[in-house]
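Have a look at the model first, and then we can go through it together.

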Amino acid sequence: MKNQMKLEFASISENEAFARVAVAAFLTQANPTLEEVADVKTAVSEAVTNAIIHGYPEGVHTVTVAAWLEDKELELEVTDTGVGIPDVAKAMEPMYTTRPELERSGMGFLFMEAFMDQVQVFSKPGEGTRVQMRKRLGKRDE
Amino acid sequence: MELQERGVKKLAERSGRTMAGVAEKSGILERVGILLLIRVPTELDHHVAEQIREEVDMLLKTEDIQRLVFDFSQTVFCDSSGIGMLMGRYKIMRALGGQVQAIHVDENVYRILRISGITKLISVNGGE
Ligand SMILES: Nc1ncnc2c1ncn2[C@@H]1O[C@H](COP(=O)(O)OP(=O)(O)OP(=O)(O)O)[C@@H](O)[C@H]1O
Ligand SMILES: [Mg+2]
């Protein structure tokens, strides 16, 4: 079975919880473990929060979350059309942050990588950022 | 964990002061003398972290508070925004010569705290 979903929402912090819950609900069909659900929720929260604070430092714009599920394979994409990242490799280093004054500590990508099997970031300054993540679910059935 | 709670109660009784006159906007905070108890909501994300930060920092500016106790008994979710908020309060309290602790932390939240390294800076109860 193959399934797909796509969400578009305004870049305000209230929508972070909405995005997490929506993705978690989408996952249930793959019979994930509680830990897997928690892992995916954290990863979604990190990517969406980054889009809201870093991608769109000014004004309210649109964040997109898309997910694909084929058997137990989950693919997730969080996209913004904001400022983009000049050096992706550097941005993904643990503890690297461009916003220490907002009490950011550079843990977001670290958590995404810890909780998902694969994380890839596509970004262009001035055009935006797409974070693509993959995870195999339903480990208990194996 | 129980010991911890009794300790907190004792400290509150000893100081004998209450929240009187102090804004308790969202019901998240409870001040007992020099201790400030923060009842962390179910999900500690960017949105909630900003609320807590704002309310706690306002109190710290005017009141003599020596200990921040974050009660995670309701909390099932925490991300890097929660870590940033805790880290920031830790730095403030360290500068004031005070303490920060997290109590009743569940397994999932503990995982996040451990990976971030904050378990080395503040005392954390539960979750292990
Ligand atoms: N969607 C995005 N648009 C623009 N820049 C981004 C985006 N996502 C991440 N970045 C950049 O990558 C850096 C690292 O991101 P990461 O999530 O690891 O840490 P952080 O957001 O700074 O801190 P934390 O996640 O711990 O609160 C950010 O500081 C920012 O400069
Ligand atoms: Mg981040």
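The lining of the largest pocket holds 15 nonpolar, 11 polar and 7 charged residues; here Ala, Val, Leu, Ile, Met, Phe, Trp, Tyr, Cys and Pro count as nonpolar, Asp, Glu, Lys and Arg as charged, and the others, Gly among them, as polar. Please keep in mind that this is a predicted model, where local features need pLDDT of at least 70, side-chain atom pairs count only at pLDDT 80 or more, and totals for chains, interfaces and linings use all residues. Residues are numbered from 1 along each chain as its sequence is written, chains are lettered from A and ligands numbered from 1 in the order in which they are written, and side-chain values use heavy atoms, with hydrogens and water left out.

**Largest pocket**

- A pocket is an open set of points on a 1 Å grid over the protein atoms alone, where a 1.4 Å probe fits, with protein on both sides within 12 Å along at least five of seven lines; lining residues have an atom within 4 Å of a point.
- Of its 33 lining residues, His54(A), Ile85(A), Ala91(A), Thr98(A) and Phe109(A) lie nearest the centre.
- α2(A) provides the largest share of this lining, 6 residues; helices (H or I, at least four residues) and strands (E, at least two) are DSSP runs, numbered from the N terminus.

**Second largest pocket**

- About 270 Å³ of space lies in the second largest pocket.
- Its lining includes Leu34(A), Lys41(A), Phe77(B) and Arg111(B).
- α2(A) gives the most to this lining, with 5 residues.
- The lining divides into 5 nonpolar, 1 polar and 5 charged residues.

**Contact between chain A and chain B**

- The contact (heavy atoms within 4.5 Å) takes 24 residues from chain A and 19 residues from chain B.
- The area buried between the chains is about 1,800 Å², with carbon and sulfur atoms giving 52%; buried area is the accessible area (1.4 Å probe) that two parts lose on being put together, summed over both.
- In chain A, Arg20(A), Glu103(A) and Phe111(A) lose the most area to chain B, together 29% of what that side buries.
- There are 7 salt bridges between chain A and chain B, each a side-chain nitrogen of Lys or Arg within 4 Å of a carboxyl oxygen of Asp or Glu.
- Asp39(A) and Arg111(B) form a salt bridge through their side chains (2.7 Å, N to O).

Terms used:
Grid points are joined across faces, edges and corners, and a volume is the space filled by probe spheres set on the points.
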